[in-house]
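Hi there,

Here is the structure I promised to pass on. Have a look at it first, and then read my notes below.

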Amino acid sequence: MTTKLIPADLARAIAEEAAKHEATPLREGQVYAVLVAAGYDAHAIAELAGSSWNRVDLRLCLLDLADNCKSALEEGALPVGLAWYVARLSEPNQQLMLNRWVRGDFKNARHAERYASAIHEDEQALLSF
């Protein structure tokens, strides 16, 4: 069992504050990352926040975005759902996806998500050699 550096009641208050609608997805992720560093996993954070594990995990993954992708997300130019797919990519491929998204090369966000998933699979295959 991991030692918790923040008591559960304080962690709950932090998680609930992060999950408020005023928080941006990146801000939520940053707050959740503090709780991860304090010994809580995504499942525990979700329980504390009254949220789903998937939402917490998505927000934490957004922290892996390159800076220009984070800016695009904050400005509303990159949808949060697509940003999760982009965050799984290497930085050069994140830039590729952002450029193609902004240019309008995709029919919709789902099309872009499938494209990013295919790139991710190719990157993973290269890493397995």
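These notes go through helix packing, then a few side chains. Please keep in mind that this is a predicted model.

Let's begin with helices α2 and α4. The axes of α2 (residues 25–37) and α4 come within 7 Å and cross at roughly 100°, which means that α2 is roughly perpendicular to α4. On the α2 side, the contact is made by Pro 25, Glu 28, Gly 29, Tyr 32, Ala 33 and Val 36; α4 brings in Arg 55, Val 56, Arg 59 and Leu 60. Sorted by type, the residues of this contact are six nonpolar, one polar and three charged.

Next comes helix α6 (residues 80–87), where Leu 82, Ala 83, Tyr 85, Val 86 and Ala 87 are buried. Their cover includes α4 (53–61), α5 (67–74), α7 (91–103) and α8 (109–127).

Turning to aromatic rings, the count comes to two aromatic pairs. One of them joins Trp 84 and Tyr 85 edge-to-face, with 4.8 Å from centre to centre and 85° between the planes. Trp 84 counts as partly exposed because its relative accessibility is 21%, whereas Tyr 85, at 18%, counts as buried.

Finally, do look at Arg 100, which is found in helix α7. Arg 100 is buried, with a relative accessible area of 18%. Beyond its neighbours within four places in sequence, Arg 100 is in contact with Asp 105, Phe 106 and Tyr 115. Arg 100 lies over the face of Tyr 115, 4.6 Å from the ring centre. Elsewhere, the charged end of Lys 4 sits over the ring of Tyr 40, at 5.3 Å from its centre.

Conventions: Residues numbered from 1 in each chain as written. Predicted model: local features only at pLDDT ≥ 70, side-chain atom pairs only at ≥ 80, totals over all residues. Heavy atoms only, no water. Buried < 20%, exposed > 50% of the residue type's maximum accessible area, 1.4 Å probe, protein only. Helix = DSSP H or I, 4+ residues; strand = E, 2+ residues; numbered from the N terminus. Contact = heavy atoms within 4.5 Å. Axes fitted to C-alpha atoms, helices over the stretch in contact; angles between N-to-C directions. Parallel < 35°, antiparallel > 145°, perpendicular 65-115°, else oblique. Nonpolar A, V, L, I, M, F, W, Y, C, P; charged D, E, K, R; others polar. Phe/Tyr/Trp six-rings, centres within 6.5 Å; stacked < 30°, edge-to-face > 60°. Lys NZ or Arg CZ within 6 Å of the ring centre and 35° of its normal.
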